[in-house]
Amino acid sequence: MEAIDVDKAEAVADVLKSVGVRRDSYLDQRLYPPPDDPPEDQLAYFVSMVAIDHRTSLWEPFEGVVGGEFFHGADALYRLGRLAYGRGFFKAEKLAELAPSEAEHLLTIGGRRVWDFHIRVLLLRDVGKKALRNGGFERLVPRDSLKRLKEALRQIRAYEDPVEKKALLLAKFLDGRKLADFKDLEEADVPVDNHLSRIAYRLGIADVSYDFLESGVEVPREEDVRLRQLVKTAWKIVAKFADIHPFALDDYLWSFGRRTCTRERPKCDVCPFREICKAHALQRYPPEHLHLITWYY
Ligand code: SF4
C-alpha cells in the first residue's frame with residue numbers, strides 16, 4: 001500500500017533549504033515570445049504550447065539541430081514553437097482549422113514527426129475552437145485567480161487531466177512571465193510529470209513498492225491518476241516544510257530530474273540528497289511508474 005513518508009518529506013525540505021531554490025522567469029528568447037508582445041499573442045502561445053507539452057519521445061527521441069543548436073524533448077518542442085510563433089502560427093482562427101500539413105514544421109525535428117503527431121494536431125484545433133468560442137485567448141484565460149483558471153481550462157480537451165499537470169504548468173508560466181496576477185497562489189501545486197514521480201519514489205517521500213516500479217508493468221489510467229495525486233501531495237508537503245513556492249520547487253525538480261536524478265544512471269555522487277535518499281540507501285534506482293499512451297503529461 002502506498003503512503004506519504006512525512007519524516008522523509010521534512011528531511012528533503014531541509015536539504016532544499018540549503019541548496020537555494022530559485023524561480024525561472026521563462027524569458028529565454030529561443031523558447032518563448034518576447035515579453036513586450038501583446039498579451040493576446042503571448043497567451044495564445046502558452047495555452048497552445050502547454051496543450052501539446054506532454055511526452056515527446058516514445059519510440060525514438062524527439063531531438064535534433066535547429067539553427068545550429070541541438071535541442072531535445074520539451075526544449076525541442078518549445079524551440080520549434082517559438083519559430084512557429086514568429087511566423088504567426090498561434091492565431092485562434094488558424095488553429096481552429098489547422099491541417100496536419102500546416103503543423104509539420106511545429107511537430108517534426110530531425111526528419112521525424114513526434115510520435116502522436118495527429119493527436120497534437122487535434123488538441124491544437126480544439127484549443128483554437130475554444131478560444132474562438134470565448135472571444136479570444138485573453139477572455140478564455142482568467143488571470144486573477146488560479147482556481148478560476150483551472151475551471152476555465154477544463155473546457156479544453158488537452159487540459160482534462162484530473163491531476164492538472166498542464167493547467168499547473170500553464171499557471172506557472174503565466175505567473176513567472178507576469179502575464180497573470182493570481183490572488184490565490186496558495187491554490188498552486190507542482191505539475192506532476194515523470195521526473196517528479198521518479199524523484200519522489202527514489203527519495204521515498206512517496207513510498208511505493210520498488211518491486212512494482214521495477215516490474216515495468218503499465219498501469220491503467222485510474223492507477224496513474226491515483227499515483228500522481230500521491231506524488232503531488234507529497235511535494236506539496238515538502239514545499240510547505242521548505243517554505244518554497246510549488247512553482248519554484250517545480251523549476252528546481254524539473255532541471256534536477258533531467259540533469260542529476262536521471263532515469264538511467266542517476267548521478268548520486270553529486271546529489272545533495274544522497275544521505276537521505278531511499279534509492280541510494282537500497283542501491284536500487286526504480287524508474288517512474290509506467291503509463292505510456294496519454295496526453296496528460
Ligand atoms: S541520491 Fe541518486 S537516486 Fe537519490 S535523489 Fe540523488 S540522484 Fe536520485
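In this predicted model, the residues of the shell around the ligand comprise 9 nonpolar, 2 polar and 3 charged. The ligand is surrounded by 14 residues, of which Cys261, Pro266, Cys268, Cys271 and Cys277 are the closest. Two helices, H10 (194-203) and H14 (278-282), each contribute at least two residues to this shell.

Helix H10 also packs against another helix. The axes of H10 and helix H13 (residues 246-259) come within 9 Å of each other, and the crossing angle is roughly 80°. H10 is therefore roughly perpendicular to H13, since angles of 65 to 115 degrees are counted in that class. On the H10 side, the contact is formed by His195, Leu196, Arg198 and Ile199. On the H13 side, the residues involved are Leu253, Trp254, Phe256, Gly257 and Arg258. By residue class, the contact of H10 with H13 contains 5 nonpolar, 2 polar and 2 charged residues.

H1 contributes Val6, Ala9, Glu10, Val12, Ala13, Leu16 and Lys17 to the contact, while H12 contributes Ala234, Ile237, Val238, Phe241 and Ala242. The residues of the contact of H1 with H12 divide into 10 nonpolar and 2 charged, with no polar residue.

At the level of the whole chain, two domains are assigned. Domain 1 consists of two segments, 3-24 and 187-282, and domain 2 spans 39-141. The C-alpha centres of domain 1 and domain 2 are separated by 28 Å.

Terms used:
Residues are numbered from 1 along each chain as its sequence is written. This is a predicted model: local features need pLDDT of at least 70, side-chain atom pairs count only at pLDDT 80 or more; totals for chains, interfaces and linings use all residues. Two residues are in contact if their C-beta atoms, placed from the backbone, lie within 7 Å. Helices (H or I, at least four residues) and strands (E, at least two) are DSSP runs, numbered from the N terminus. Ala, Val, Leu, Ile, Met, Phe, Trp, Tyr, Cys and Pro count as nonpolar, Asp, Glu, Lys and Arg as charged, and the others, Gly among them, as polar. A residue is near a molecule or strand if its C-beta atom, placed from the backbone, lies within 6 Å of it. Domain bounds come from an automatic or database domain assignment. Axes are lines fitted to C-alpha atoms, for helices over the stretch in contact, and angles run from 0 to 180 degrees between N-to-C directions. Angles under 35 degrees count as roughly parallel, over 145 as roughly antiparallel, 65 to 115 as roughly perpendicular and the rest as oblique.
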